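Dear colleague,

I am handing over a structure that will be new to you, and my notes on what was found in it follow below. Please read them with the structure open beside you.

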Amino acid sequence: MVENLLSLAIWTPIVAGLLVIATGGDKNANTARLLALAGAALGFLVTLPLYTQFDTLHGGMQFEEKFAWIASLNINYHLGVDGISMLFVILNSFTTFLVVLAGWQVIEKRVAQYMAAFLVMSGLINGAFAALDAVLFYVFFEAMLIPMYLIIGVWGGPRRVYASIKFFLYTLLGSLLMLVAFIYLYFQAGYSFEILKYHTLPLPLTAQILIFIAFFMSFAVKVPMWPVHTWLPDAHVEAPTGGSMVLAAITLKIGAYGFLRFVLPIVPDASRELAWLMVALSLVAVVYIGLVALVQTDMKKLVAYSSISHMGFVTLGLFLFAGNELNPWAIEGAIVQMVSHGFVSAAMFMCIGVMYDRLHTRNIADYGGVVNRMPIFAAFFLLFAMANSGLPATSGFVGEFMVIMGALQVNFWAAFAAATTLIFGAAYTLWMYKRVVFGDVANSHVAEMEDVNKREFLILAILAVMVLGMGLYPEMFVKVMHVSVNDLIAHVAQSKL
């Protein structure tokens, strides 16, 4: 077994990013691109043993690493993954590799800095998913904001400064309350920042509710849940294609992961008491934001609102209590939906980026008849549009089906409201696809469009394989999380005050 796999997953892309910056200015752009691709590929390869060597019969933390960091405060460099977090480490490294490819020809200025920002962010995100020390988690959680802030602010659209500052302020201010909660838990746990110790603390309900609110303010902004979602459409619209891919595929998942790793196991009684609020906010996101997506005229903004609606499905699945217990169908469905959304949203933003690179517009009205000029692209786009709509045999169906099944076992009307996302999702996605792709060639600009090149074909083909593979054989994802999810459900059920 390879030692220190998690440290490799964190520091390989970060070191690669620093080396890319060292290549200098744009005169060495090709060197920067090649080095970034090699770093991203190596960063992905070192995460694969996490899956192949994972013990699916063991629900605890695996691949643990621990040594003292700031000994005087009992702060440790403590890493470990279970069947839940391991999937997101691999997904993040996989997405980073695709993002480096996606920006290969598109980014022409400050190439080294652009590539390095994604590599450094990839390592920081892996650190957040693997951290088992609260301070270590907080450092990674906050540090990952910096590269994304720069990616939007430097390489984004006309309103990039506004979007980047809004993104930074929303996510930073929300997480300050989380730090306060960590400090309180530090004293309650006998001067320890060990996250797993917090899972067994006998906290009174009032304290649990206050901690729940502190964590909620941090993670709800990150998901983002309604009504603290308004930063996301602006960030997506202004971000470059690679930024949108990582933002939707990975960074939103940190918020949902926070509910799984911190909220449910640390404050289970408060989670049970406030589950009605989480379910209500999630259903608003599913239904209302789905309707908002229907009226969008900008393709990126439409897919951004689609992401909010789909992530509402995730938070719904996480807080479906039947009496004292969480629903295993719903929890596993929420995690599957998180992974699936990583593939589908990255693919959707990549497709929009392919068209934007040719016409430099995201307005639906500026397109029409794209299939006549780009038949291969239109076929890929159709697959991803169907997956975004929840078509069976695609990854988009599996998680939503599991959450609806779980919701049916808890409350029929919650399941009914959640199922409307399948209708709204099909409505706004296929409406966009019809107007952009089908019909006669709309104008002379569309008539000059060329089909996907080899690089774009490779990226879309890899994502198509993942979308279909997960849709046809979801067991390869479910089997690794099953024991960890059951352990979480059992822990929450046993904690009734």
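A crossing of two helices is called left-handed if the near helix is turned anticlockwise from the far one by less than a right angle, and right-handed if clockwise. Helices themselves are DSSP runs (H or I, at least four residues), numbered from the N terminus. This is a predicted model, in which local features need pLDDT of at least 70 and side-chain atom pairs count only at pLDDT 80 or more, while totals for chains, interfaces and linings use all residues. Residues are numbered from 1 along each chain as its sequence is written, and side-chain values use heavy atoms, with hydrogens and water left out.

**A helix pair**

Helix α12 (residues 241–266) passes helix α15 in a right-handed crossing. The two pack at an angle of about 15°, with their axes 11 Å apart (axes are lines fitted to C-alpha atoms over the stretch in contact, and angles run from 0 to 180 degrees between N-to-C directions). Because angles under 35 degrees count as roughly parallel, α12 is described as roughly parallel to α15. The contact (heavy atoms within 4.5 Å) involves residues of α12 including Leu252, Phe259 and Leu264, and residues of α15 including Met311, Val314 and Leu318. Its residues divide into 9 nonpolar, 4 polar and 2 charged, where Ala, Val, Leu, Ile, Met, Phe, Trp, Tyr, Cys and Pro count as nonpolar, Asp, Glu, Lys and Arg as charged, and the others, Gly among them, as polar.

**Two cavities**

A cavity is a set of points on a 1 Å grid over the protein atoms alone where a 1.4 Å probe fits but cannot get out, and its lining residues have an atom within 4 Å of a point. Points are joined across faces, edges and corners, and a volume is the space filled by probe spheres set on them. By this rule there are 2 cavities of 30 Å³ or more.

The largest cavity has a volume of about 50 Å³, and its lining includes His310, His341, Asn388 and Glu400. Helix α16 (328–359) gives the most to this lining, with 4 residues, and by class the lining has 2 nonpolar, 6 polar and 1 charged residues.

The second largest cavity has a volume of about 30 Å³, and among the residues that line it are Pro13, Phe44, Thr96 and Leu119. Here α2 (29–45), α4 (85–102) and α5 (111–130) each supply at least two residues, and the lining has 4 nonpolar, 5 polar and no charged residues.

With best wishes

Definitions and conventions:
On a 1 Å grid over the protein atoms alone, a cavity is a set of points where a 1.4 Å probe fits but cannot get out, and a pocket is an open set with protein on both sides within 12 Å along at least five of seven lines; lining residues have an atom within 4 Å of a point. Angles under 35 degrees count as roughly parallel, over 145 as roughly antiparallel, 65 to 115 as roughly perpendicular and the rest as oblique.
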